[in-house]
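Please keep the sequence and the model in view while reading.

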Amino acid sequence: MQQNSFDSFLQSIGLGTLSLHGYGPLILEGTLTTLKLAGFALIVAVILGLLGASAKLSRLAPLRFIAQSYTTLIRGVPDLVLMLLIFYSLQNWLGALTDYMGWDYIDIDPMAAGIATLGFIYGAYFTETFRGAILAVPRGQGEAALAYGLSRWQTFTLITFPQMMRFALPGIGNNWQVLLKATALVSIIGLADLVRASQEAGKGTFKLFYFLIVAGVIYLLITAVTNAILGALERRYHVGVREAKR
Amino acid sequence: MIELLQQYWKPLLWTDGYHITGLAMTLWLLVASVVIGFLVSVPLSVARVSERRWLRWPIGFYTYVFRGTPLYLQLLICYTGIYSLGFVRDQPLLGSFFRDGLNCTILAFALNTCAYTTEIFAGAIRNTPHGEVEAAKAYGLDGWRLYVHVILPSALRRSLPFYSNEVIMMLHSTTLAFTATVPDLLKIARDANTATFLTFQAFGLAALMYLAVSFILIGLFRLAERRWLAFLGPTH
């Protein structure tokens, strides 16, 4: 309904060619799916990244080895291959399991699978980002906190993490952009994201080129908005840092 | 697993008997797009750092758009989007170009990697130590000679570490080619999966092959860095 009034508004100001031909709601839904997928995958990836970074900096050799193989393997194999591998294999194994146990067939929800897979893949990239950032915080900060009697958890949340974020944010911004663009791949495993929605709208109206461009503009808008948010965060975590004038 | 290998080792590596497929196709996609991207990005990066706005801004816009949208979308636009336009289909030359999946794939990949490479090179040109430029000017070099003999050799060397990342990313991006019916490594793995239902083995094998190629590329770039970047390293 709302979309139709938007279309007639465009027509009334002489921009009828920009109308979405009633496919506005579909495109909007696809955009929301993309955002939801990217947002949740980001959360999973950040958690995995923090775990991976602490494992890489751990004193225990097995933990370091696991984290090292995780980042090497994931970053050496294309995301799309990993996505197909994880998605279809999980589906097969779950099918075999349900057969074996005599349960009903369980279909994996593509959204959950997409979030898990993307989170797992980008966790490896975040591991490297956070590892670098943790190393950039002067060692004395953590030692001083421990000397003041803070627990290890308090040291991390109150001392290391806030200082680490300043070094991690540029890397987080880059990873986020790559992650956002990688969500386009999930339309290949059958999720109705922004790319899929624009393809459907394009096929329905015989204006495929136009709707694909619309999708591209929406991706650019999302990036612009998140860049602004990241800029604000960077200023926040920069508070109290003195810089020499050049 | 053995059956899968027996049946598919040949298409996975280079041919299904009719076309170039599998690894050979993946490498061809990579080489073609990276070479085209490199050749175009060198002049573009020089223009990107130009003092003239009308030269700098359009290229900035191009890299912004191509780095800000998914490659999959760009490939869709090249392969299905452009061909859906009436005037392209009616024009014989354009029509036959855009009907072919391989052409569209290489075009989309080259445009994409060119955008990233342009920014990498432009960044390196901007960071050229001012002493190098001043020394070159003192020796009487200016205009294109300054670029060809001093700035570009220096900037291209310093971009090697970032450029190697871009090439690896591009190798990973070639997996999208199957969506435009190009029989690359992943397409063969998918075919093997559909025919044998050995999902984990088929995709796992492809993953290992991509991993091996990534490692070889990383090794080659390490050699290249040792050859051309040794002067920047710490003195051991």
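## Transmembrane regions of chain B

In an unreviewed entry, UniProt lists residues 20–46 and 198–221 of chain B under "transmembrane region". UniProt positions follow the numbering used here, feature names are shortened, and annotations may be inferred rather than shown by experiment. This is a predicted model, in which local features need pLDDT of at least 70, side-chain atom pairs count only at pLDDT 80 or more, and totals for chains, interfaces and linings use all residues. Residues are numbered from 1 along each chain as its sequence is written, while chains are lettered from A and ligands numbered from 1 in the order in which they are written.

Residues 20–46 of chain B are 93% helix and 0% strand, with end C-alpha atoms 36 Å apart. Residues 198–221 of chain B are 96% helix and 0% strand, and their end C-alpha atoms are 35 Å apart. Helices (H or I, at least four residues) and strands (E, at least two) are DSSP runs, numbered from the N terminus.

Helix H2 of chain B covers residues 22–48, 27 residues in total. From first to last C-alpha, H2(B) reaches 37 Å, close to the 39 Å expected at 1.5 Å a residue; the expected span is 1.5 Å times one less than the number of residues.

Where does H2(B) have a kink? The kink, of about 35°, lies at B:Ser41, shortly before the proline B:Pro43. The bend is the angle between axes fitted to the seven residues ending at a residue and the seven starting there.

## Chain A

Chain A has nine helices and zero strands. For this chain, the unreviewed UniProt entry gives several transmembrane regions, including residues 37–58 and 178–197. The former span is 91% helix and 0% strand, its end C-alpha atoms lying 31 Å apart. Residues 178–197 of chain A are 45% helix and 0% strand, with 20 Å between the end C-alpha atoms.

## Where the chains meet

The contact takes 29 residues from chain B and 27 residues from chain A; two residues are in contact if their C-beta atoms, placed from the backbone, lie within 7 Å. On the side of chain B that touches chain A, helices H3 (53–68), H4 (71–81), H11 (185–196) and H12 (199–228) each supply at least two residues. H12(B) gives the most to this side, with ten residues.
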